[in-house]
Amino acid sequence: MTTLSIRSLKKVFNPGKANQVDALVDVDLTVEPGDFVSLIGPSGCGKSTLLRLLADLIQPTSGTVMMNGKSAHQARIDQDYGMAFQQAGLFDWRSVAENIELPLELKGWDKAKRRDRAHEMLELVKLREFADHRPWELSGGMQQRVAIARALASHPQVLLMDEPFGALDEMTREHMQAELLRICRAAQTTVVFVTHSIPEAVYLSSRVVVMSPRPGRITQIIDVGLGDARTDETRDDAAFYTKITEVREALRGIESTLAARGVDNR
Amino acid sequence: MSTATDSRGERLVRAAAPPVVALVLFLSLWEAVVKGFGLKPYFLTAPSTIWGEFTKNFGRIWAACRVSGTNALIGLLCGTVLGIAVAFVVRRFRKLDEIITPLAISLNAIPIFVLVTVFSNMFATTSDVPRRLTVTLGVFFVVLVNVAKGLTQVSATHLELMRSYAASETEIMRKVRIPNAVPYLFTALKVAAPLAVITAFVSEYFGGNQNGLGSKITGSLSSSKNAVAWAYVFGACLLGLAFYLISIVVETVATPGGVSKRDRS
């Protein structure tokens, strides 16, 4: 079954008012199970808005989003997806393990089952010995790993991520990218990933969706085709650089179009 | 920040040393000025004289401390409970916020002596209720403002996360808003505890029973027993300090994970 099916999606903020913003128009996208899709584009292209529409955190003006054959609303109620943000968003008053248990608690799981799953997830993100620590005792990269473990705790088929590594330094970031691929392969998760970074999008994705602003829309979808077995060597690959260039040129195309239309795009 | 190898005792000593040294220096200077310039006791009393009166009258000071302390404690408890309750109501019914908050602010702007006088006219002159009500009002305002803030100012990421879990408003309240408000409550209590003591003293200046610390201080002063008055003031300082320490102990016990420690790390 198709994991995500997005048809003629449109989102207008403040319709009919002076500050009306056409955040997204004419968005069509299909995501198959096991896909890793990155959304990339300049600020204001609506990539985060698209992610929030998929998560049913905001409602579309028109068009449909289907997840696992259900409406986005039903998929949220059933918790078909996990979500991670730029800020890890851990709860200071809970231990690391209790943070991971939160979505399970809300699903009504009993204590013992929650504990087992939290430890399984900590094993997966290699933080087992930090189960009883407080979030603020962990480094930024470790906090983000806990956030990913929490997003995957109920074994959702879909993971929605909004620039989760945006606040990390370059070395940690590359390490986290490799970890994310390993974790998602182990859990067979389908991922939609918002990012600003071209190498990050190419390294992680099976497909890169290039978006443009005013109004936000999809301009190009690039198949990465680097295969599933990506390692640190992949980053030195000629094919990797070729794809980076392809994505960069797609983004430059957007810049020059905007410049030609006299739109200030700082 | 201290290193991890420090023992708890060493850190305590290092934290306590500056204020203790400062206090000793201050008292020595005070003593030296009084003795050196031969100041009369009605002008300024030496710390050694005050200490003498304090030990001599300890029983009476302790009795007065108990009266004022009980008023302060009851007011503190009632004000806290009321403040928390109204903060929840205000959070639940946002429209009420626009009515209650300005009302609470204007109540807080009324001088203490007006409140005591008004309350005294409602109850018998020997009643402690007017004083306790005055303390309650002062504490109520501090607790209301802080707890309401803690329940409202929740991280946007946390709210989006809870929505993605399809959490209900009740679950968001229990799992996010209330835990988020706990440090705000303790911040409020650290302000409200000494405030309760001060309000309890001041409200004794305006009639009623003459058995509390506030009335003892004015009583001793008017009969020119300055050293005794100072001894009562010393008792009042200790009572205020005790209330503050209690609020810190309650905080430490109530937050075993040490949420507030985060500010220091």
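1. Five of the six residues of strand β9 (residues 207-212) of chain A are buried, so the strand is mostly covered; a residue is buried if 20 or more other C-beta atoms, placed from the backbone, lie within 10 Å of its own. Strands (E, at least two residues) and helices (H or I, at least four) are DSSP runs, numbered from the N terminus.

2. This is a predicted model, in which local features need pLDDT of at least 70 and side-chain atom pairs count only at pLDDT 80 or more, while totals for chains, interfaces and linings use all residues. Residues are numbered from 1 along each chain as its sequence is written, and chains are lettered from A in the order in which they are written.

3. On one pairing, β9(A) runs parallel to strand β3 (residues 36-40) of chain A, joined by four bridges; two strands pair if DSSP finds at least two bridges between them. Here V210(A) of β9(A) is the bridge partner of I40(A).

4. β9(A) also pairs with strand β10 (residues 217-223) of chain A, in the antiparallel sense and over six bridges. Within β10(A), I218(A) stands opposite M211(A). The two strands, β9(A) and β10(A), form a hairpin with four residues between them, and R214(A) in the turn has a positive phi of about 50°.

5. Chain A as a whole has ten strands and eight helices. Of its 266 residues, 42% are buried. The C-alpha trace of chain A spans about 60 × 45 × 35 Å along its principal axes.

Note on methods: A residue is buried if 20 or more other C-beta atoms lie within 10 Å of its own, exposed if 12 or fewer, and partly exposed in between; C-beta atoms are placed from the backbone.
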